[in-house]
Structure formats: structure tokens, C-alpha cells
Amino acid sequence: MQDLSQAFVLAWQLLLSADADLVEIVVLSLRVSLTALVISCAIGLPLGAMVAIARFPGRSIVLVLMNALMGLPPVVVGLLVYLHLSNAGPLGWLQLLYTPTAMIIAQSVLITPIVAALSRQILEDLHDEYREQFQSMGLSRTHTIKTLITDARYSLLTVALAGFGRAVAEVGAVMIVGGNINHLTRVMTTAITLETSRGDLALALALGMVLLLISLAVNALVMTMKLTASRYAFA
Amino acid sequence: MTASMNTPGPTTANSLLPANVNQLSYRSGGKTLIDAVSFTLNTPHITAVMGSNGAGKSLLLRLLHGLIEPSSGSVSWGNQPLNSTVRQQQAMVFQKPVLLRRSVAANIDFALQLFRQSARQSNNALASGSHRATIKSQRDDILDKAGLTHLAKQPARLLSGGEQQRLALARALVFEPDVLFLDEATASLDPASMARIETVVKAVHHSGTKIIMVTHDIGQAKRLADDVLFMHQGQLIEHTQAPAFFTQPTTERAQAYLEGRLLVD
């Protein structure tokens, strides 16, 4: 087995030479996670906004559920999506199991509650501030939601990036529904798991470094946006 | 002598008058916060709502504007019940201006688009019509009147208190309201900022808009108000012409308030 320093050197070589396998895995990871993020935002943001401004019986139960779903175990999500997409499942006819689409679905299920719950809190705070003004202006519910989302855009980007961070670092669900098939459904996290178990620490480390870099970039982006938004009083 | 006595009266008819408030009450948490208030406002003049803290002035304004539902009693405007159509003809400026997290110009654009949208729904030919160019021209005109042109691209929330309040007022006026509510709109502003707001208020009043303003500032009420509603502990204890109120208040409570005497309830 390679020792750690050798693996580290090899990892850098893979990164600097833009190894084809490595690039393929990274690109697929980003494609799956970014698509899942777009879907989650399309569902989670309006959902969070609706719950933020609506008052209805049982709302507190919905809030508890939304918050609880933020901690969904990825393997459970993977299992549930698997059961739905397998041949015996209700969506088996779509033949999506072990495809990137299945992985996108699993990650969307995983991060939609995060986007919805975090955005709900942000939008509810903003709505408390705007409520009377909007009421006075006679804004419709749809217009209120649109305006809240627009005005909370910087805070909501932070939410989206948190969702992306969760999706791109997730392994359990994509492993179950994607199957970690080489050149088809192998993403960074599943590849790291596989290469570590096979003892190919160089590729595992290189992928780990890319993941860390993405994580750092995401955090830097969040901080920059927060600072910019605060400076211009847009947050 | 009030300022309004020196200025010409409103130039147009006001479709929301008279305003009839009948036995209006509001209760919350087992307390009666507005207690069977009744009055009628017939003229498109400036009405000041005065009284000590906790008298129910701001609450009364919210009830008149329909922001909260009364526990009992009724409010009608121009012989129509207070509904969303009536509320569209009213606007309110709050003590703490609520500005969108956008530029000054974008705050005005937001109101213009909303107004044009509601005008299109009610087939108002004046407000409908072409889009971006008209909005820009209207916005420029509004910012110019509010003295905010040079700040158009600034984030609204970075303006000074007076500028923010002028923007909030300018935005409210986009809706061409028949009734404008001002909830301590000049509280905490310096005299210069207050004067600029008062100039706009007078111009708006002159154009026919009924103004109902909550104020603690006796000087301001003397300068602007034509009549005064004086509240105490949720009750309306005086409704009279401003000159009479300031010279011969009929209640001990109002007299003490005007003299600045400290009364413990």
C-alpha cells in the first residue's frame, strides 16, 4: 500500500495533469449536484415562502416536519428512491435506476427540505418586517412571495450553497441509486469510497482535495456575498 | 392660526369622503385597546390624531386603513365598506420607513409597476399604456419632486432617516391615494427634514388627498391640521377644529397634554 506522502504526490500529479478519469468524475458530480440544487430551489424556495407567509391550522406541525426533514439520513433517502425506481416500484417503468437522473432525484429529495426550511425562516423574518407595508399596498400572495424571494436573494443564495454543499458531499443515497458505475454514475464521494477500499489512495486523495477545494470555494463565495450584501444594505 | 388656513383648499373632489367610523372597537389579550370610537370626516382636510403613548392612535390608523380587523363596529369610506378596492385608494407611511432592499429608483419602480398593474385590472387608461420608458419618466419625475434624484442609484436602506422617510412618502404617493395615513412619519427627524416632508404633505393635501396623521408634535399639528382627534386610553375624547382644540380644549386631559403637564393615569 502506498504511504500517505506518496499518495499525496500522486494526487497532485493527477490534479495538475487533469487526469481524464478524475475530470469525468468531478464534472459528473457537479452536474448531478447542481441540477439537484436547481430542482430543490425551484421547489423549496416557493414552498418555504408559502409556509412563511401563510397562517393555517397545523402550521406548527408543518414547521416541525420541515425542520425534522433537514436531517434526513442519506441512506434512507437512497433506499426510498431505490424502492420507487426499482422495477418493482411505482416508477420502475421509467428505467431510471443506476442513472445520473436517479442520483439527481435522490439528492433533490435530500436537499429540498434544507432549502425549504432555511428559506422559510429567512423569508418569515423578512415578511414580519414588510407585512404591513405589503398589506397597505395590496400585494397579492404571489407578488408577496416573488418580492420576498427577490429581496432576500443574498441570504437565499447562502441557503442554496448550503444545500449544494450537502448534495456534493453526500455518498449514501447516490451509492444506492447510482450504483457507482464507472463512466456512468461514479461521482466524487462514491469514487473516494471505492478507491479507498481498493487501496488506490492517490485517486481518493485527489478527489478529496477537489471536494475540499469546492467546499472552500463555496464558503468563500458565501462570505463574499454576505459582505457585499451587508455593505450595500441589501441583506 | 393653522397653516392650512393660509393655503388654498384642495382642488379636486375626494371619492372616499365622507368617512364614517361607527362604534369601532378593538380588543386583544383581554384588553380593550380601541373603545367604541365614532366620528365622521367630511372634508378633504388634514386631520391630526393626537394623544399620549398607548392612547390607541396608531391602532386607530391601522383600523381605518384596514390593516387589522376591528373586534366590533364599522368603518366606511365614501359610503362603501372598507374593502380591498377602498384600500387601493389609500396609502400609508409608517413611523419606521419600510423600504425594499433595493436602490432608491427600484423602490419607486416597484410601486409604479404595482400601481400600473392594479390600474390595468381596473381599466384605468391613465395609468395603463406603454411600459419601461413611461415608468422611467414617471420615476424621474417622482424622485425630482422628492429631491432624491441624486440618490437614485443608492441602496435605499443606506439613506439618512429623513431621506428614507421622503422616499417612503414619495412611494406612497405613486398610488395617487385619495386618503394618506401618516403614522408619526416625522418622528425622530430633524427640523430641516421635517420641513421638507411637511412641504410635500401640504402639496398632496392641496391636490385633494385627505390626510390623517398621527403626531406627538404639537407644533406640527398646529402648522398642518385642520381638525384634531384626541385619544386617551382607546377612547376618542375630543374631535374638534384645530384652532379650537389648541386654544380651548374641552377636556382636562387634552389641556394637560397641550400644556405638557405630567398626568399619571
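In chain B of this predicted model, the axes of helix α4 (residues 104–121) and helix α6 (residues 161–173) come within 9 Å of each other and cross at roughly 25°. Because angles under 35 degrees count as roughly parallel, that crossing makes α4(B) roughly parallel to α6(B).

**Helix pair**
- The crossing in which α4(B) passes α6(B) is right-handed.
- On the α4(B) side the contact is made by Val104(B), Asn107(B), Ile108(B) and Ala111(B), while α6(B) contributes Leu167(B), Ala170(B) and Arg171(B).
- Sorted by class, the residues of this contact of α4(B) with α6(B) comprise five nonpolar, one polar and one charged.

**Domains**
- The domain assignment divides chain B into domain 1, made up of 1–15 + 45–66 + 84–89 + 177–265, and domain 2, which covers 99–176.
- Where the two domains of chain B touch, domain 1 supplies 13 residues and domain 2 supplies 11 residues.
- On the domain 1 side of this contact, helix α7 (residues 191–206) of chain B gives the most, with five residues, and by class that side has seven nonpolar, four polar and two charged residues.

**Sheet**
- Six strands of chain B form an open sheet with mixed pairing, in the order β6-β7-β8-β3-β9-β10.
- Strands β6 (90–93) and β10 (235–241) of chain B stand at the edges with a single partner strand each, so one side of each is left without a neighbour in the sheet.
- From one strand to the next, the twist averages 15°.
- Strand β6(B) runs parallel to strand β7 (residues 179–183) of chain B and is joined to it by four bridges; Ala91(B) has Leu180(B) as its bridge partner in β7(B).

Key:
Residues are numbered from 1 along each chain as its sequence is written. Chains are lettered from A and ligands numbered from 1 in the order in which they are written. This is a predicted model: local features need pLDDT of at least 70, side-chain atom pairs count only at pLDDT 80 or more; totals for chains, interfaces and linings use all residues. Domain bounds come from an automatic or database domain assignment. Two residues are in contact if their C-beta atoms, placed from the backbone, lie within 7 Å. Helices (H or I, at least four residues) and strands (E, at least two) are DSSP runs, numbered from the N terminus. Ala, Val, Leu, Ile, Met, Phe, Trp, Tyr, Cys and Pro count as nonpolar, Asp, Glu, Lys and Arg as charged, and the others, Gly among them, as polar. Axes are lines fitted to C-alpha atoms, for helices over the stretch in contact, and angles run from 0 to 180 degrees between N-to-C directions. Angles under 35 degrees count as roughly parallel, over 145 as roughly antiparallel, 65 to 115 as roughly perpendicular and the rest as oblique. A crossing is left-handed if the near helix is turned anticlockwise from the far one by less than a right angle, and right-handed if clockwise. Two strands pair if DSSP finds at least two bridges between them.
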